[in-house]
Amino acid sequence: MNPPLHFDSLADAIDFLYQRLPGALHVGAPLGLGKPHRLLNALYERAERETQRPLRLYTALSLDPPGAGKGLEGRFIGPFAQRHFGDDFPRLRYVQALKRNALPEHIEIEEFYLQSGSLLNASATQRRYASLNYTHVARALADRGVNAIVQKVAADPAGGTRLSLSCNTDLTFDAVDAIVARGLPRPLLIAEVDPQLPWLDGSAAVEASFFDAVVTPPGPHPKLFGLPRQPVSDADYAIGFYASTLVRDGGTLQIGIGTLADALCHALALRHTDNSAYLRVIEALGIGDAASVEGNLSGDRNVMAPGERFVGTALGEGDLTGHRNAKAQDDRFVGTASGEGDLTGHRNAKAQDDRFVGIASGEGDLTGHRNAKAQDDRFVGAASGEGDLTDHRNAKAQVAPLGSFQIGLFGCSEMINEGFRRLVEVGVIKRKVVDDLELMRRVHDGTAGAEDLQRLDREGEFLQGGFYLGSPDFYDWLRHMPADQQRGVSMRRISEVNELYGGNETLERLQRRDARFFNSCMMATALGAAVSDTLDDGRVVSGVGGQYNFVAMAHALPDARSVLMLRATRESAGEVRPNVVWNYAQTTIPRHLRDIYITEYGIADLRGKTDEDCVLAMTAVADSRHQFGLMKTAMDHGKLKLFQPRLSGRNTPERLRAALAPFRREGVLPDYPLGSDFTEVEQRLVKALGWLKANTATRGAKIRTVLRALFSPASDDREALQRMGLEAPSGFGERVEAKLVGLGLRSASE
């Protein structure tokens, strides 16, 4: 390859692009952080002027800082955004045009993943959205005849000629290969050097000649886009701690982003660094006497729906949630000190002998069903499912021993984020792999010698990802990581991370043992389908991304599980609505790929289960206010045998709040477990504004809250009022706002 041309002017780089490419421009740009905002803005400005040259931009996750807005939200967000993102952050001009529905006719923007909820009303975005699995994007770019790719890169801090794709190795290599394989010319590659971008070596680094042109714009250089870390709620923590019980020492971890992932990472870190505190939280959530490493960790509560009783009169007497039935003649559990075994405590009333003998590897049964090693594995039940609401037949659903991580986990995730940083720092992510099939075979079967282990320690990687995105603290961690630790972090193609096929499948199967793929969804149906990206009217909230990839991989790997996490309810227009629903017009994951779902009320294992079992399991983890309606609908549609249930009403936010309150007070469950981008004053205001939002969602609630605020005493939190610019309100409107902030501060603190 020839040396690249070098520019220090964005306009000159765009001139080069226009001169080299005749006709329409079909330009690809990475998702997220690797998108060269300033270069793309220069391209957009040129394209606006040259209407005879159509521009088609193919990208995803076009990051845009929040606008200041109006009212109290604007008073809070304005100063924060200025401090966090900087006054000179280059907002993408095409995103602003899309939001105004003002994109020129000769310019098209096609995205396969959107900044969540930000473009619901952008008609051009909704029309030109491409619903693609992450691993199919490179193929789609070749289909569209992409003739240029622009990307942000990092320069070698040692002064070498190489460049690092750093945050986005995910699609560039795959796209170039797919385009060339199609018989098309290699796309023109232009790099924008950003001195703020952390340098990552290894598979992320290329010779400068990989690119046709390199542009190094003059300073000052804007800050990298930092994701503001959000507070973790009680529901988030419950979901995260339930999820943490599925992770096995020596296994593989993939996580998404958001507060559910933050809660999971905090739970895993706590499990490793303060196991007694971790087990106390587990016990408080109803999984049972977690502190007892021998015997049944669940006590008399089922991990699927802790403490949630469902007694069906037509099904026969007894508690259907995993409590011991009076007719069970023999209900032994023999466990070892590592705590392996059945976390559900479920024993079938008809089983005359139900022994479980745990082994050191932790082969327990997550679902309350008989492990393959159980001496007697009989289930005598009618089609109506006499047994636990979450009673599943699968013996492979294993709960991990809940001790600290001795071997550690291997991180293999399309996205590396704040949670992985914490897990690396505390020593949870540490299991290393190498791309050597025979060595990994020896490690797997226990025959690796001293030289093998030395090489594994010297060359091994403990964290692989396709792209990264996080907070400013996260970027600092990457910048200042010691060299020996940085060698363990490897940025890879998305085709290598998100699937098994097309590369060295045998090797990857050995590397990704006991994999747990954790992702979030918006809703789930009672029959096991997931709704993660689209509203019922077809408008796209975000996108499929890699979720389908990881669900499919969990089914392809013999010891892997896909875990989709969701909150049981959401608030909309002042109404609490269920997220566990009977049906939905759009789904992201089809029900035939159903596996594990987690809400704040427990775990539902649906893999390989009948529709009736799925309905029972999903009902058990639904909010109590919506369980009866869900089951009635199922019965109306012939998916449940007709009977009259008695529901205990234990799946409530109030009960969950009471269970976790002591840990909140002790600091075991902090609001911001992975650190905060807000000041202490802003953290108080986040709670206050959240309370106000919830209590002004309807016209009636708004009137009541305003009247209550007007007759409330003035706030004594002068720092908070000063931060909001309301320490000396002028005019009636500002006085009302000051009163509302005061009411929110008091109510949230209570």
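Cys614 is buried, with a relative accessible area of 0%. Here buried means under 20%, exposed over 50%, and partly exposed in between (1.4 Å probe, protein chains only). This is a predicted model, where local features need pLDDT of at least 70, side-chain atom pairs count only at pLDDT 80 or more, and totals for chains, interfaces and linings use all residues. Residues are numbered from 1 along each chain as its sequence is written, and side-chain values use heavy atoms, leaving out hydrogens and water.

| Residue | Relative accessible area | Class |
|---|---|---|
| Cys412 | 2% | buried |
| Cys614 | 0% | buried |
| Leu710 | 33% | partly exposed |

With a disulfide taken as a pair of cysteine sulfur atoms within 2.5 Å, the count is 0 disulfides.

Leu710 lies in helix 23. Together with Ile703, Leu707, Phe711 and Phe732, Leu710 makes a nonpolar surface patch of about 550 Å². The largest share of this patch, 3 residues, comes from helix 23 (residues 699-710). Helices (H or I, at least four residues) and strands (E, at least two) are DSSP runs, numbered from the N terminus.

An open sheet of 3 strands runs in the order 17-16-21, with mixed pairing. Strand 17 (530-531) and strand 21 (580-581) are at the edges with a single partner strand each, so one side of each has no neighbour in the sheet. Strand 16 (residues 523-525) pairs with strand 17 in the antiparallel sense over 2 bridges; pairing requires at least two bridges found by DSSP. Ala524 has Ala530 in strand 17 as its bridge partner.

Technical notes. Patches are made of residues with over 30% relative accessible area and no salt bridge: like charges are joined within 9 Å, nonpolar side chains (Val, Leu, Ile, Met, Phe, Trp, Tyr) within 5 Å. Accessible areas come from the Shrake-Rupley method with a 1.4 Å probe; for residues, only the protein chains shown count as cover. A salt bridge is a side-chain nitrogen of Lys or Arg within 4 Å of a carboxyl oxygen of Asp or Glu.
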